[in-house]
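The following paragraphs lead the reader through one protein structure. Please keep the sequence and the model in view while reading.

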Amino acid sequence: MFWLPAGSDWGDRLASEPGTGHLNPLNPKTYQVLKNVIRDVSILFPETFYHGGADEIVPGCWKADPTIQSFIANGGTLSQLLETFVNSTLPYILSLNRTVVYWEDVLLDGIVKVDSSFLPKEHTILQTWNNGTNNTKRIVEAGYRVIVSSSEVYYLDCGHGDFLGNDSQYDQQAGGESLNGGSWCGPFKTWQTIYDYDITYGLSEDEAKLVLGGEVALWSEQADPTVLDARIWPRTSAMAETLWSGNRDEYGKKRSAEATDRLNEWRYRMVSRGVKAEPIQPLWCVRNPGMCNAIESS
């Protein structure tokens, strides 16, 4: 079915982008297929974590199914559907000696979410992607470990417009929604933006211990092997330095100025090894250290 039926409000969409389709928690065959997939993936990737997804559930898709329509007509809720899904898959994942990772939506979504009793804290990690440090705070306050992938900072695909065709928003002289060219998470996330971000901002010392780390995301609607290296590098290197070493010196001052020289050198090392990392300064700046700084070094 077309993802946004003609005349529909956004709340009645069948998907958040093309194409449509959700797993049906009421169909027993769902779990036959899923257990095969989960088992196969666990064999292929002997990691201790297994990502269970559970994000961005679109109510309109579930409501289009006759069995779910009957379930709701008899007093069932969309959140109960998600609880059925989690309750039918999480124990199997745990039986394979895996810790389950879910996107934050499973607990924080405003419409479809599960009660925390369905997510044992000792076996569940939540990955955050909305509302920056605010959602990180909500997750650790609830007692869960968290992986930070805030879209405001760590989504590397942002700032490249959208992939929808015949989109009337581009009729505007401004060139797109919120002046970001139609990119829902624009603008482009620069290495400086990434380097400046503190994933434990506003957390107590005990809360910060629940933050396992961070992960960038490069969603592939507008990315393929021809652009992969440049989209990832050296921006991800900036994230790596801040998570391994912090972004401040021993005096508490941000190290972004000296990080520029380090990233420049590292970028050229990657290029010499065949990685097509994008430049962060003109070559003249690299050959004339300090001359491209905002303030002249003393």
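The structure is a predicted model, in which local features need pLDDT of at least 70 and side-chain atom pairs count only at pLDDT 80 or more, while totals for chains, interfaces and linings use all residues. Residues are numbered from 1 along each chain as its sequence is written, and side-chain values use heavy atoms, with hydrogens and water left out.

Glu-56 is found in the loop between strand S1 (49–53) and helix H2 (59–63); helices (H or I, at least four residues) and strands (E, at least two) are DSSP runs, numbered from the N terminus. Its relative accessibility is 41%, and Glu-56 therefore counts as partly exposed. Buried means under 20% relative accessible area, exposed over 50%, and partly exposed in between (1.4 Å probe, protein chains only). Setting aside neighbours within four places in sequence, Glu-56 is in contact with Ser-16, His-22, Asp-105 and Trp-129, where contact means heavy atoms within 4.5 Å.

The interior may be considered next. A nonpolar core is a set of buried Ala, Val, Leu, Ile, Met, Phe, Trp, Tyr and Cys residues joined through side-chain atoms within 4.5 Å. The largest such core has 39 residues, and those with the most contacts inside it are Trp-62, Leu-82, Val-86, Tyr-102, Val-106, Leu-119 and Tyr-154. At least two residues of this core are supplied by each of helix H1 (28–44), helix H4 (78–95), strand S2 (99–103), helix H5 (105–108), helix H6 (132–141), strand S4 (145–148) and helix H7. Its largest share, 8 residues, comes from H4. For Trp-62, not counting residues up to four places away in sequence, the residues touched are His-22, Leu-23, Pro-25, Ile-57, Ile-68, Leu-78, Leu-81, Leu-82 and Val-112.

H4 has 18 residues and reaches 27 Å from its first C-alpha to its last, close to the 26 Å expected at 1.5 Å a residue; the expected span is 1.5 Å times one less than the number of residues. Among the buried residues of H4 are Leu-78, Leu-81, Leu-82, Phe-85 and Val-86, and also Ser-79, Glu-83 and Thr-89. H4 is followed by Asn-97, whose phi is positive, near 60°.

Aromatic rings form a further theme. Rings of Phe, Tyr and Trp (its six-membered ring) pair if their centres lie within 6.5 Å; planes under 30 degrees apart count as stacked, over 60 as edge-to-face and the rest as tilted. By this rule the count comes to 10 aromatic pairs. Trp-129 and Tyr-155 form a stacked pair, 6.3 Å centre to centre with 5° between the planes. Trp-129 lies in the loop between strand S3 (124–128) and H6, and Tyr-155 in the loop between H7 and H8, so the pair ties together parts that are 26 residues apart in sequence. Trp-129 is buried at 8% relative accessibility, and Tyr-155 is buried at 3%. The rings of Trp-191 and Tyr-195 have their centres 6.1 Å apart and their planes at 80°, so this pair is edge-to-face. Both residues lie in helix H8, 4 residues apart, about one turn of the helix, and both are buried. Trp-103, Trp-129, Tyr-155, Trp-184 and Trp-219 form one aromatic cluster.

Tyr-195 is also in contact with Thr-242, a buried residue with a relative accessible area of 8% in helix H11 (residues 235–245).

The cysteines complete the account. A disulfide is a covalent bond between the sulfur atoms of two cysteines; here the criterion is a pair of cysteine sulfur atoms within 2.5 Å. The whole structure holds 2 disulfides. In one, the sulfur atoms of Cys-158 and Cys-185 are 2.0 Å apart. The torsion about their S-S bond is about -105°, so the disulfide is left-handed. Cys-158 and Cys-185 are both buried. In the other, the sulfur atoms of Cys-285 and Cys-292 are likewise 2.0 Å apart, and the torsion is about -80°, so this disulfide is left-handed. Cys-285 is buried, with a relative accessible area of 10%, whereas Cys-292, at 31%, is partly exposed.
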